[in-house]
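Me: Could you walk me through this model, one question at a time?

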Amino acid sequence: MPYPQTLEENPKIIFFTDFDGTITLKDNNLGFGEKLRKQGNVDTLNDKVTFRESFWEMMESVKTPFPDCIRLLCENIKLDPYFKDFYQWSRTNKVPVIVLSSGMTPIIRSLLVHLVGPEANDIEIVSNEVEDKPGKTKDQEDGWQLKYHDDSGFGHDKSLTIRPYAEHFAARPNEPRPTMLYAGDGVSDLSAARETDLLFAKKGHDLITYCEREGIPFTVFEDWQSILATTKDILEGRKSIKSVAKEGAEKAQEEKQNIVTTK
């Protein structure tokens, strides 16, 4: 459910998450492949291009009819093995899960239902869309193109979905405010990195590089098993956001020192 309906059941936690490479094990790398995608990510991190420009170039290299793209991705993309457990727990405990993605809604919905089951239809998805190219249709070769969510340099500025929640409670200081969490892995998540109470950043990926450079607090995750354990601790009051962030900073610092020592 979109804002403000998400708040009707007074959730104690709202969980926002990226999709490609976060819920799934790897980015889908449609188009010109992993090597060029990684170079585009580096160029985005270094402000040489916007994510909008880099991602558009990648999507324009895809000539496969759109229904075939969905079929191929459903055959090849794998879910993080613990995400389904997290999602079942979230449904039981009334923790809304909101996917914020720079991918395309029809692909994400198809993958979630295929990999998680029909209950994944209840997951809110805020993403880019797909449209026919002029004079063509999506089921033709080179017949579709990306339709961006907004006019930002990201194509989809994820902060635009998160901020209304923060503004809602800033204007209503006497209402109980849910804890807002976000999980991501890469350059498409830069717009969301500062927006929630706690950021889960995937180990070994570009989002950590950005957060360290910009001084943004985060905690590292490797899979959704650790996210589930931490989110349970927060919901049940065993850990605070501050303590989790502190542990995350200490762990990240230890890992950096270990890398320096082993060189």
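Me: Happy to have it in view; is Asn174 buried or exposed?
Reply: This is a predicted model, where local features need pLDDT of at least 70, side-chain atom pairs count only at pLDDT 80 or more, and totals for chains, interfaces and linings use all residues. Residues are numbered from 1 along each chain as its sequence is written, and side-chain values use heavy atoms, with hydrogens and water left out. Buried means under 20% relative accessible area, exposed over 50%, and partly exposed in between (1.4 Å probe, protein chains only). Asn174 has 78% relative accessibility, so the residue counts as exposed.

Me: Where does Asn174 sit?
Reply: Helices (H or I, at least four residues) and strands (E, at least two) are DSSP runs, numbered from the N terminus. By that numbering, Asn174 is in the loop between α6 (159–170) and β5 (179–184).

Me: And what distance separates the C-alpha atoms of Asn174 and Pro65?
Reply: Along the chain, Asn174 and Pro65 are 109 residues apart.

Me: Which residues are buried in α3, and why do they line one face of the helix?
Reply: In α3 (residues 66–76), the buried residues are Phe66, Cys69, Ile70, Leu73 and Cys74. The arc is that of the directions from the helix axis to the C-beta atoms. Seen down the axis of α3, the buried residues line one face because they fall within an arc of 130°.

Me: What arc holds the buried residues of α5?
Reply: Thr105, Ile107, Ile108, Leu111, Leu112 and Val116 are buried in α5. They line one face of the helix, because seen down its axis they fall within an arc of 160°.

Me: What covers the buried residues of α5?
Reply: For the buried residues of α5, the cover includes β2, β3, α4 (83–92) and α3.

Me: Which residue follows α5?
Reply: This residue has a positive phi, near 125°. Its name is Gly117.

Methods:
Contact means heavy atoms within 4.5 Å.
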